[in-house]
Amino acid sequence: MSDTRTIATIGEILVEFVSHRRNCALEQISEYSGPYPSGAPAIFLDQAARMGARTQMIGGVGADGFGRSVLQRLTEDGVGTKGIHVAEDQSTGVAFVSYYDSGARDFIFHLSGTAADSFSVPSTLLEPSKTILHVSASSLGAQSMRGKILDAVRTVSDAGGQITCDPNARPELMRDEAAMDAMREVMERSYCLLPSTSDLEFLYPDLSEDAAVERLLDGNANVVAVKRGERGATVVGAGERHEFVGHAVEELDPTGAGDCFCGTFVALLSQGASLYDAGRHANAAGAIAVTRRGPMEGNTGPDEIADLLGRSEPKELTA
């Protein structure tokens, strides 16, 4: 497909501080590193840009050091930043994260009332019919962003553009029915869905994984890519099914790896890659992402992905 289309995201932009001490539950004194550029939509789009896609980010940062650090990273990696509002009177959003030996995480977000949820969507920035709008559904948990995202989704979808969605259905961010309704509408309008296994369990607790995927494909979706973390990924669509096993890497920080997978996958599809190639490279990109501390630090480009595939590509289980 043509690479003249723009991949866009709308949502939270923030910085993140990561605890170096496991099992501290964010309640014990620990060393932290940061500020790391973060925010699921920003991580996704940064990776898409690094894979050669034309991109545009819509969100907000403060006129402070944290905001400048994120803007610098996005600009260096080729992300379009015309849609990012720099607020003089609000600070940049911040998150803190710590990990447990089990792989579970604790987050504390400071987003409400910051520049992260105080922005507008420029009416002339995007050409809807030539836009691929990606939604990280966790952003729909914020009432201040929900209407802006839904309006853009409807505009792009109705104009013949495309919607992709990572359900990213964190229960703590989906506490009200309005957020769930918004996520369902976005998913219904999406041609490509990128759930994790935990998303499928949350959305369809009474269905098997295969049945849940079939349910998604019974709607408007043509492609479903299931992220399995260290166990790889499954890509289904257009009469194809590809199962990729995980790469053997040493995990340091898994935050952002799913967004990195999605950014790689959507960017490559937009540039005409096959489902197999998009899934193969996205699986490798996600593996690289977990090896570096910081949610956006593991984002990478085609050369490093090709290097990993050349050194240690696991075989596809079935095609």
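**Salt bridges, a buried aspartate and the overall fold**

Colleague: With which side chain does Arg184 form a salt bridge, the closest N and O atoms being 3.1 Å apart?
Modeller: A word on the ground rules: this is a predicted model, where local features need pLDDT of at least 70, side-chain atom pairs count only at pLDDT 80 or more, and totals for chains, interfaces and linings use all residues. Residues are numbered from 1 along each chain as its sequence is written, and side-chain values use heavy atoms, leaving out hydrogens and water. A salt bridge needs a side-chain nitrogen of Lys or Arg within 4 Å of a carboxyl oxygen of Asp or Glu. For Arg184, the partner at 3.1 Å is Glu177.

Colleague: Which residue three places from Arg184 in helix H4 (residues 177-188) meets Arg184 in a salt bridge at 3.0 Å?
Modeller: Helices are DSSP runs of H or I with at least four residues, strands are E runs of at least two, and both are numbered from the N terminus. An α-helix has 3.6 residues a turn, so residues three or four places apart point the same way. About one turn of H4 separates this pair, and the partner of Arg184 at 3.0 Å is Asp181.

Colleague: How far apart in sequence are the parts tied together by Glu297 and Arg73?
Modeller: Their side chains meet in a salt bridge, 3.0 Å from N to O. Glu297 lies in the loop between helices H8 (275-289) and H9 (302-312) and Arg73 in helix H2 (residues 65-76), so the parts tied together are separated in sequence by 224 residues.

Colleague: Which side chain of opposite charge is nearest to Asp253?
Modeller: Asp253 sits in the loop between strand E13 (240-244) and helix H7 (257-270). The residue is buried and has no salt bridge; buried means under 20% relative accessible area, exposed over 50% and partly exposed in between, with a 1.4 Å probe and protein chains only. Leaving aside neighbours within four places, the contacts of Asp253 (heavy atoms within 4.5 Å) include Val18, Tyr99 and Pro295. At 5.7 Å, the nearest opposite charge is that of Arg293.

Colleague: How many residues of helix H1 (residues 40-50) are buried?
Modeller: Among the buried ones are Ile43, Phe44 and Asp46. H1 is mostly covered, and of its 11 residues the number buried is 10.

Colleague: What is the radius of gyration of the chain?
Modeller: The value is taken over C-alpha atoms, and the globule rule is 2.2 Å times the number of residues to the power 0.38. For 319 residues a compact globule would come near 20 Å, which agrees with the chain's 18 Å.

Notes:
Lys, Arg positive; Asp, Glu negative; His and termini not counted.
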